[in-house]
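Please keep the sequence and the structure in view while reading.

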Amino acid sequence: MKRRQFVAAGSAAGALGLTAGWALPAAAQAQFSIATGTTGAVYYPLGGAMANILSKKVPGWAVTAEATAGSVANMHMIRDGKAQMALTQCDTAYDAIKGLDKFKDKPVDSRTLCVVYPNLVHFVTMEGTGINKLSDIKGKRISTSAPVSGSEVMALRIIDELGLKLSDIKRERLSPAESTNAMKDGKLDGYFFNGGPPVAAITDLAATQGIKIKLIPTADLVPALNKKYGPVFAASEIKAKAYPNQDAAVPVIAIWNILVVPASMKDDQAYTIIKTLWENHGDLMATHKASTDMTPENQKTANSSVPFHPGAIKFFNEKGIKLS
């Protein structure tokens with residue numbers, strides 16, 4: 001898998017790669033990566049901000065944020081020791097720790113550091129495609145999002161819940177930026193993507209002269225999806241004016257995003273990460289509005305789908321934040 005890196009240089013000299021257990025001499029420089037997502041979405045800039053904060057604020061740390069296909073790829077990287085932190089959807093993390101679906105051959109033993117923000121399930125189309133409700137995608141040119149992404153998993157589950165097969169659509173597997181370009185070129189009728197508004201690629205499409213986007217409601221599928229896949233979905237909405245010329249709120253499925261690490265990470269290192277990010281939350285919010293939801297109230301076990309790391313539990317206990 002080809003990945004880009006957002007590099008945030010640390011202040012210490014020297015370098016030492018990390019194992020999954022993070023066993024490091026005190027004086028060594030820590031080099032590690034955060035698995036994020038595609039460059040046209042939310043995970044990548046948010047992960048880049050996290051990398052910058054940790055590199056600047058923790059002496060001896062040098063952190064990179066890697067662009068990836070998204071949640072599924074990120075959990076594989078955590079499992080395989082290729083990343084020490086990852087942003088992921090909680091439904092994907094649930095599958096990973098339980099050994100379900102894409103992880104049935106090898107579960108991922110991970111732990112949560114914090115609940116970050118909810119991903120809202122976007123289905124994006126535009127005037128003139130004939131798509132006014134989800135079932136109208138039959139026979140249309142539809143992107144189910146990038147391969148091995150959490151968005152793709154969600155799209156396939158929605159299509160199945162609609163009683164459709166993949167053969168019922170003309171399927172593409174594109175990132176949100178690629179999907180927007182295909183829509184502009186008249187080569188695509190709609191696409192799925194899970195993200196915290198505003199998603200840059202969708203904003204780009206909505207701001208394009210001559211195009212009027214439509215966001216299709218998905219919230220009515222929440223009860224059926226929770227019954228089938230576990231209690232990891234909620235009803236929410238994309239607020240009016242989240243995108244150019246979007247006049248009304250749209251009821252959609254919400255999936256919480258979490259920051260995870262390997263279960264084997266040392267308690268003091270997990271504690272340092274969450275403490276540093278929490279104390280510099282303003283820098284995260286300046287990067288993307290989605291991180292506004294990284295609040296004490298949202299740090300709940302019900303929003304996480306996997307257990308919190310002991311280092312994170314220690315930090316939240318000190319702050320008087322109840323996780324249950």
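Does Thr92 count as buried or exposed? At a relative accessibility of 2%, Thr92 counts as buried, where buried means under 20% relative accessible area, exposed means over 50%, and partly exposed lies in between (1.4 Å probe, protein chains only).

The model is a predicted one, in which local features need pLDDT of at least 70 and side-chain atom pairs count only at pLDDT 80 or more, while totals for chains, interfaces and linings use all residues. Residues are numbered from 1 along each chain as its sequence is written, and side-chain values use heavy atoms, with hydrogens and water left out. The chain has an average pLDDT of 90, and 91% of the residues score at least 70; pLDDT is the predictor's confidence in each residue, from 0 to 100. Over residues 9-28 the pLDDT stays under 50.

Thr92 belongs to helix α3, which spans residues 90-98; helices (H or I, at least four residues) and strands (E, at least two) are DSSP runs, numbered from the N terminus. Not counting residues up to four places away in sequence, Thr92 touches Ser71, Val72, Met75, Phe103 and Gly150, a contact being heavy atoms within 4.5 Å.

Thr287, by comparison, sits in helix α9, residues 281-287, and counts as partly exposed because its relative accessibility is 36%. When neighbours within four places in sequence are left aside, Thr287 is in contact with Pro45, Leu46 and Ala49. Pro45 lies 242 residues away from Thr287 along the chain, yet their C-alpha atoms are separated by 6.9 Å. A polar atom of the Thr287 side chain also lies 3.1 Å from the backbone oxygen of Asp283.

In helix α7, residues 222-229, the buried residues are Val222, Leu225 and Tyr229. Seen down the axis of α7, these buried residues fall within an arc of 65 degrees, so they line one face of the helix; the arc is that of the directions from the helix axis to the C-beta atoms. Pro223 and Lys227, on the other side of α7, are exposed. The cover over the buried residues of α7 includes α3, α4 (150-161), β11 (234-238) and β12 (250-262).

Helix α5, residues 176-184, has Pro176, Ser179, Thr180, Ala182 and Met183 as buried residues. Viewed down the axis of α5, they fall within an arc of 165 degrees, so they line one face of the helix. These buried residues of α5 pack against β6 (110-126), β7 (141-143), β9 (190-195) and α6 (200-206).

|---|---|---|

**Strand β9 and its partners**

Strand β9 is mostly covered, with 6 of its 6 residues buried. Gly190, Phe192 and Asn194 point one way from the strand, whereas Tyr191, Phe193 and Gly195 point the other way. Strands β6 and β9 run antiparallel and are joined by 6 bridges, two strands being paired if DSSP finds at least two bridges between them. Phe123 stands opposite Phe192 in β9. Strands β7 and β9 run parallel, with 2 bridges joining them, and Tyr191 in β9 is the bridge partner of Ser143.

Methods: A polar contact is a pair of N or O atoms within 3.5 Å; within protein, one must be able to donate a hydrogen and the other to accept it, and residues adjacent in sequence count only if both atoms are side-chain atoms.
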